[in-house]
Amino acid sequence: MKRLLTAVSTVAVLCAAVLAPTPASADSSQVAQVSSAQGAGSLIDASSAFATGSSQRTSRAVEDGWRRAYEGLPGQMQQAVPPHLRPPAPATPADADAPAGVAVAPAHNPSRPPESPRCSNCVAVTYDDGPVTGTTEQLLDTLKRKDVHATFFVLGQNANAHPEIVRRIRDEGHTIGSHSFSHADLAKQTDAGIAAQLDETNAALKDKGTVEARWLRPPYGSYDSRVVAAAAARGMSLATWDVDTADWQHRNTATTCQKAVAGAREGSIILMHDIHQPTVAAAECVIDGLRAKGLNPVSLDEMIPRPEAGHVYTRAD
Ligand code: NI
């Protein structure tokens with residue numbers, strides 16, 4: 001309680017000192033004059049030193065004291081302190097030597113690379129098993145109208161059959177990943193079989209769409225350490241999912257939308273299939289529903305711009 005009273009009186013004294021000059025725009029020299037004129041003891045003396053910047057060491061001590069007092073206040077009282085009177089953030093080591101009165105930008109740690117900005121509230125919307133004429137194209141129309149990039153995990157054999165759709169997916173800014181060549185259960189393949197499923201699909205994508213596939217979604221979500229190693233050797237990452245709409249099972253538009261939206265949270269990967277008409281019909285509902293939840297439907301390349309080769313992503317984190 002004593003600490004609280006001290007804090008409150010500190011606020012009162014400082015507020016009085018700063019608010020005393022009638023113009024709201026009182027600058028620090030006016031504050032200093034008022035403070036000195038009042039001659040109200042050591043706190044105000046120190047405060048005026050802080051305000052004028054005449055003694056950096058003193059000003060730092062006052063600043064620290066004020067910060068401690070402020071942090072000791074109950075939340076409601078902190079809110080009552082006008083923003084311009086609240087204590088600044090603690091000094092960083094880099095600006096400890098800065099000349100008085102010189103503003104210093106926050107220090108960067110040179111040993112740590114700048115982190116890429118996080119994809120805020122992002123959710124990856126993904127579609128497997130295409131591309132096919134009809135439903136894949138209809139989905140592309142919807143995504144364009146809604147201004148959304150998604151991810152298409154294509155089969156190599158379908159990419160060979162529909163190169164024009166592969167190029168359209170690429171040209172419209174979506175992420176294209178591999179879903180194997182012929183929808184093989186990769187964990188049940190020989191090592192050579194795994195290699196063939198990956199290499200033939202990557203060749204198809206490179207040949208038909210000049211796409212370098214960085215992502216592999218193993219059919220049925222089935223993989224083992226050999227599949228992971230084969231992907232890593234090709235610079236690829238695995239993407240499974242944390243939201244399964246089961247769209248291929250129920251083939252129901254409303255259910256697909258409900259499962260996609262209800263299950264999604266920031267960083268989710270949603271599994272759907274662009275070869276089913278009810279799924280494609282749900283796309284607009286899914287996008288609107290995610291946005292209504294404050295989520296941002298994006299492609300995998302947008303959500304995870306620098307995937308780690310050989311890592312299995314079920315979500316962004
Ligand atoms: Ni599939």
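**Helices side by side**

Visitor: At roughly what angle do the axes of α6 and α8 cross?
Guide: Helix α6 covers residues 135-146, and its axis comes within 11 Å of the axis of α8. Axes here are lines fitted to C-alpha atoms, for helices over the stretch in contact, with angles running from 0 to 180 degrees between N-to-C directions. The two cross at roughly 15°.

Visitor: What does that make α6 to α8, roughly parallel or roughly antiparallel?
Guide: Angles under 35 degrees count as roughly parallel, over 145 as roughly antiparallel, 65 to 115 as roughly perpendicular and the rest as oblique. With a crossing of roughly 15°, α6 is therefore, relative to α8, roughly parallel.

Visitor: What kind of model is this?
Guide: Residues are numbered from 1 along each chain as its sequence is written, and side-chain values use heavy atoms, leaving out hydrogens and water. Local features need pLDDT of at least 70, side-chain atom pairs count only at pLDDT 80 or more, and totals for chains, interfaces and linings use all residues, since this is a predicted model.

Visitor: How many helices and strands are in the protein chain?
Guide: Helices (H or I, at least four residues) and strands (E, at least two) are DSSP runs, numbered from the N terminus. On that count, the protein chain has 15 helices and nine strands.

Visitor: Which residues in α8 do T136, E137, L140 and D141 in α6 meet?
Guide: Contact means heavy atoms within 4.5 Å. By that rule, the four α6 residues T136, E137, L140 and D141 meet I165, R168 and I169.

Visitor: In which crossing does α6 pass α14, left-handed or right-handed?
Guide: The axes of α6 and helix α14 (residues 283-292) come within 9 Å and cross at roughly 30°, so these two are roughly parallel as well. A crossing is left-handed if the near helix is turned anticlockwise from the far one by less than a right angle, and right-handed if clockwise. While α6 passes α8 in a left-handed crossing, its crossing with α14 is right-handed.

Visitor: Which residues of α14 make the contact with L139, T142, L143, R145 and K146 of α6?
Guide: Take T142 to start with: leaving aside its neighbours within four places in sequence, T142 is in contact with A283 and E284. Across the whole contact, the α14 residues are A283, E284, I287, D288 and R291.

Visitor: Is T142 buried or exposed?
Guide: Buried means under 20% relative accessible area, exposed over 50%, partly exposed in between (1.4 Å probe, protein chains only). T142 has a relative accessible area of 9%, so T142 is buried.

Visitor: Within what arc do the buried residues of α12 fall, seen down its axis?
Guide: Helix α12 (residues 253-263) has T256, C257, A260 and V261 buried. Those residues line one face of the helix because, seen down the axis, they fall within a limited arc. The arc is that of the directions from the helix axis to the C-beta atoms, and here it is 110°.

Visitor: Which residues on the other side of α12 are exposed?
Guide: The buried residues of α12 pack against β6 (243-244), α11 (247-250), β7 (269-273), α13 (277-281) and α14. On the other side, the exposed ones are A254 and A262.

Visitor: How many Å does α9 reach from its first C-alpha to its last?
Guide: The expected span of a helix is 1.5 Å times one less than its number of residues. Helix α9 (residues 191-209) has 19 residues, and its reach is close to the expected value, at 27 Å.
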